[in-house]
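Please open the model in your viewer and keep the selection tool at hand.

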Amino acid sequence: MFAMQYSHRLPADYDIQIIRQRAARRGLLWDDTEGLAFKAFVSRERGRHGAVGHVYASMYLWLDASAAARFLMGERFQSVIDSFGRPRVETWLPLDARAGTGSTLKAAWLLREEHPLDAGVDRAILLAAQAEANRQCAAGAGTVAVWTALDLDAWRLVRFTLSADAPEASGGGTLYEVLHLARPGIGALA
């Protein structure tokens, strides 16, 4: 598996409805993408849920890293570059990913939380604890998916919770509104 996200900061006076329409139109093109667990088209709106500005972002969980490479080197990513310029792409190594009990059709929120990884931590114990926390979260009402990934550059854990209801952030976090969820391979998650 392979996880990635890129974001586009938008001007303060940008009509966010244009982004909603773009996500609805382009989202359908991803509904049968080979090698993709899901792609969440997400946004943050200035003044809502702690957002200081408008942001449009794409969050991917790939089942096949080579499919991600083909996307980044192909026409689909070129259309992103043509529309917004070449973004910085954050990438992570997923450690544990689970489908939840919530309906993928009701996915409305994506919470991103980051936690530094202490150099002295027992990583095997940490991995087991993350898997158990994800298992419990996935069993919760409204949870569509939850995954924890390792940021190898900054040595931190990044946890994502995709849900029908706005999840509680345990230590801060960034909350995105889901505009469209393409989910061709979400059934392949544990």
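**The largest cavity**

In this predicted model, the largest cavity has a volume of about 90 Å³, where a cavity is a set of points on a 1 Å grid over the protein atoms alone at which a 1.4 Å probe fits but cannot get out, and a volume is the space filled by probe spheres set on points joined across faces, edges and corners. Residues are numbered from 1 along each chain as its sequence is written. Local features need pLDDT of at least 70 and side-chain atom pairs count only at pLDDT 80 or more, while totals for chains, interfaces and linings use all residues, and side-chain values use heavy atoms, with hydrogens and water left out.

Select Tyr-6, His-8, Arg-22, Arg-26, Trp-30, Lys-39, Phe-41, Tyr-56, Ser-58, Arg-76 and Val-80, which line this largest cavity (lining residues have an atom within 4 Å of a point). Colouring them by class gives five nonpolar, two polar and four charged residues. Next show β1 (2–10), α1 (16–27), β2 (36–44), β3 (54–62) and α3 (75–84), each of which supplies at least two residues of that lining; helices (H or I, at least four residues) and strands (E, at least two) are DSSP runs numbered from the N terminus.

**The second largest cavity**

Now move to the second largest cavity, which holds about 60 Å³ of space, and select its lining: Ser-43, Arg-44, Glu-45, Arg-48, His-49, Trp-109, Leu-175, Tyr-176 and Glu-177. The elements giving two or more residues here are β2 and β8 (174–182), and β8 contributes the largest share, three residues. By class, this lining has three nonpolar, two polar and four charged residues.

Conventions
1 Å grid on protein atoms, 1.4 Å probe; cavity = no way out; pocket = protein on both sides within 12 Å on 5 of 7 lines; lining within 4 Å. Nonpolar A, V, L, I, M, F, W, Y, C, P; charged D, E, K, R; others polar.
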